[in-house]
Amino acid sequence: MAKVTSQDLGHQPIGKLLIKQAVPASIGILVMSLNILVDTIFVGNWIGSVAIAAINVVLPVSFFIAALGMAIGIGGSSIISRALGADNRKKALTTFGNQITLTLLLTVALVIPGLLFVDSIIPAFGGKGAIFEPAKVYYVIVLYGIPFLALCMMGNTVIRAEGKPKFAMYAMMIPSIGNLVLDYILIRIFDFGMHGAAWATTGSYVLCLAFILWFFLSKNSELKITDCFYKLNFPIIKEIGSLGFVTLSRQAVVSVTYLLMNNILFDFGGETSVTAYAIVGRMLMFALFPVYGITQGFLPIAGYNYGAENYSRVRKTIMTAIKYAALLAGIVFVFLMIFPEAITSLFTQDQAVLVETPPAMRWVFAATPIIAIQLIGAAYFQAIGKATPALLLTLLRQGLFFIPLIFILPHFYGELGVWIAFPVSDILATIVTAYFLHREVTLNLLPKESESY
């Protein structure tokens with residue numbers, strides 16, 4: 001097989017290229033999502049349904065810190081894609097080196113206070129009553145591994161920016177498979193309970209980082225760690241920060257959403273409602289993996305061609321990505337509308353949870369067929385380096401629409417109002433994103449179109 005290079009992003013047919021980029025990304029996200037899904041099934045069946053709620057409490061805290069790595073990775077990878085498109089290798093290497101330095105400095109700085117204030121953080125995120133103790137056990141151990149996870153998330157985006165989606169896929173598969181194997185050993189065989197679940201997760205992060213380090217030291221990478229510039233370059237940091245802030249803000253809003261949802265649902269239905277939300281949340285991560293794969297595959301193609309000023313390819317990439325993602329989202333919608341009861345029964349046999357979760361799942365995924373426009377639209381502005389519209393469009397759904405709705409709608413519909421907030425916010429965010437994306441294409445891409453497809 002011919003070696004894949006970043007230049008392929010500017011020359012291969014868009015449809016073929018998007019599939020080549022998106023399929024490995026989708027497989028990687030699928031395996032990662034399956035890991036989260038199966039991990040939750042193991043925990044629910046081998047430890048108990050309260051343990052599912054405990055992990056759900058911990059995730060927004062640990063993932064927010066780890067999201068620093070993703071934010072630095074995506075922000076820097078946008079620069080790297082455009083630099084490679086413009087044949088500016090020095091800028092690409094400077095950016096990569098600064099990504100590594102920033103990720104280490106910021107994640108370690110946040111992990112330390114995260115460990116010091118654990119007894120206050122856990123209850124604030126909904127870890128109350130019977131949920132508190134297992135959540136604390138899981139939180140402390142997992143936080144030790146968060147710097148490793150942050151470096152993995154950063155490195156994965158750079159691998160994809162190089163046009164190496166298969167290696168990015170491997171980087172996502174290795175920790176997922178490792179976590180499931182360690183889960184079985186530590187929970188099922190040695191009966192370590194929540195301690196076992198936590199150490200399995202942390203161990204998987206270490207495995208992932210080992211693979212990523214190997215990649216950037218090998219002949220497979222165009223950006224060698226040994227060639228990078230690690231001294232902080234403030235213009236580069238500023239650009240990474242402005243673009244990465246989009247991703248970090250999104251994860252911050254996700255964390256706030258978990259905090260609010262866990263507390264609101266605990267007040268309505270206690271541990272049962274929090275567990276139902278945890279199961280639905282796992283399905284949000286898992287079921288949409290092909291749509292997220294298209295989005296991930298779209299980013300380097302759009303960024304590279306925008307950097308190369310090949311605007312006709314950028315426009316075609318947008319339309320092709322939306323078409324593919326919408327088709328996949330429609331398939332996911334049909335599946336989840338038909339089988340929510342069977343899906344819920346995989347996680348637990350708790351009758352109260354089995355009754356509450358399926359109708360909630362149907363509401364949460366009710367607007368799934370239209371989300372492709374919102375995801376691709378927000379990703380486009382991030383790919384081309386326009387941080388402000390990328391930030392606003394990324395925060396639309398959860399920050400500007402969803403959070404206010406979960407306070408307003410329950411006054412009229414009770415707990416049902418919480419679930420109704422999901423499709424309403426999806427519809428509103430999609431309408432706004434469609435307007436701005438159409439405006440951007442019309443004003444900035446069509447007039448510059450000069451190349452053939």
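Asp191 sits in the loop between α7 and α8 (193-217). The model is a predicted one. Phi of Asp191 is near 55°, a positive value in a residue other than glycine. Most residues other than glycine have a negative phi. Asp191 counts as exposed because its relative accessible area is 62%, and the cut-off for that class is over 50%.

Asp87 belongs to the loop between α2 (49-85) and α3 (89-116). Its relative accessibility is 67%, so Asp87 is classed as exposed.

The surface around helix α7 was examined next. Helix α7 spans residues 165-189 and contains Tyr184. Tyr184 is one of the residues in a nonpolar surface patch. Tyr184 itself is partly exposed, because its relative accessibility is 43%. That value passes the threshold of over 30% required of patch residues.

A bend of about 135° is found in α9 at Gly269.

Salt bridges were then counted. The total is eight. One of them pairs Glu239 with Arg82, with the closest N and O atoms 3.4 Å apart. Glu239 belongs to helix α9 and Arg82 to helix α2, so this bridge ties together parts that are 157 residues apart in sequence. Glu239 is partly exposed, because its relative accessibility is 22%. Arg82 is buried, because its relative accessible area is 17%, and the limit for a buried residue is under 20%.

A second bridge joins Asp119 and Lys136, whose closest N and O atoms are 3.0 Å apart. The pair links distant parts of the chain. Asp119 is in helix α4 (residues 118-124) and Lys136 is in helix α5, 17 residues apart. Asp119 has a relative accessible area of 45%, so it is partly exposed. Lys136, at 26%, is partly exposed as well.

Lys164 lies in the loop between α6 and α7, and Glu222 in the loop between α8 and α9, so the pair ties together parts that are 58 residues apart in sequence. Lys164 is buried, because its relative accessibility is 5%. Salt bridges with shared partners also join Arg82, Lys91 and Glu239 into one network.

Lys164 has a further contact. Its side chain reaches the backbone oxygen of Asn220 at 2.8 Å. The loop that holds Lys164 runs between α6 (146-161) and α7.

Asn305 is placed in helix α10 (residues 289-307). Asn305 is buried, because its relative accessibility is 0%.

Val140 is part of helix α5 (residues 132-144). Its relative accessible area is 23%, so Val140 is partly exposed. Val140 and Gly48 are 92 residues apart in sequence. In space, the C-alpha to C-alpha separation of Val140 and Gly48 is 20 Å.

Technical notes:
Residues are numbered from 1 along each chain as its sequence is written. This is a predicted model: local features need pLDDT of at least 70, side-chain atom pairs count only at pLDDT 80 or more; totals for chains, interfaces and linings use all residues. Side-chain values use heavy atoms; hydrogens and water are left out. Patches are made of residues with over 30% relative accessible area and no salt bridge: like charges are joined within 9 Å, nonpolar side chains (Val, Leu, Ile, Met, Phe, Trp, Tyr) within 5 Å. Accessible areas come from the Shrake-Rupley method with a 1.4 Å probe; for residues, only the protein chains shown count as cover. A salt bridge is a side-chain nitrogen of Lys or Arg within 4 Å of a carboxyl oxygen of Asp or Glu. Helices (H or I, at least four residues) and strands (E, at least two) are DSSP runs, numbered from the N terminus. Buried means under 20% relative accessible area, exposed over 50%, partly exposed in between (1.4 Å probe, protein chains only). The bend at a residue is the angle between axes fitted to the seven residues ending there and the seven starting there. A polar contact is a pair of N or O atoms within 3.5 Å; within protein, one must be able to donate a hydrogen and the other to accept it, and residues adjacent in sequence count only if both atoms are side-chain atoms.
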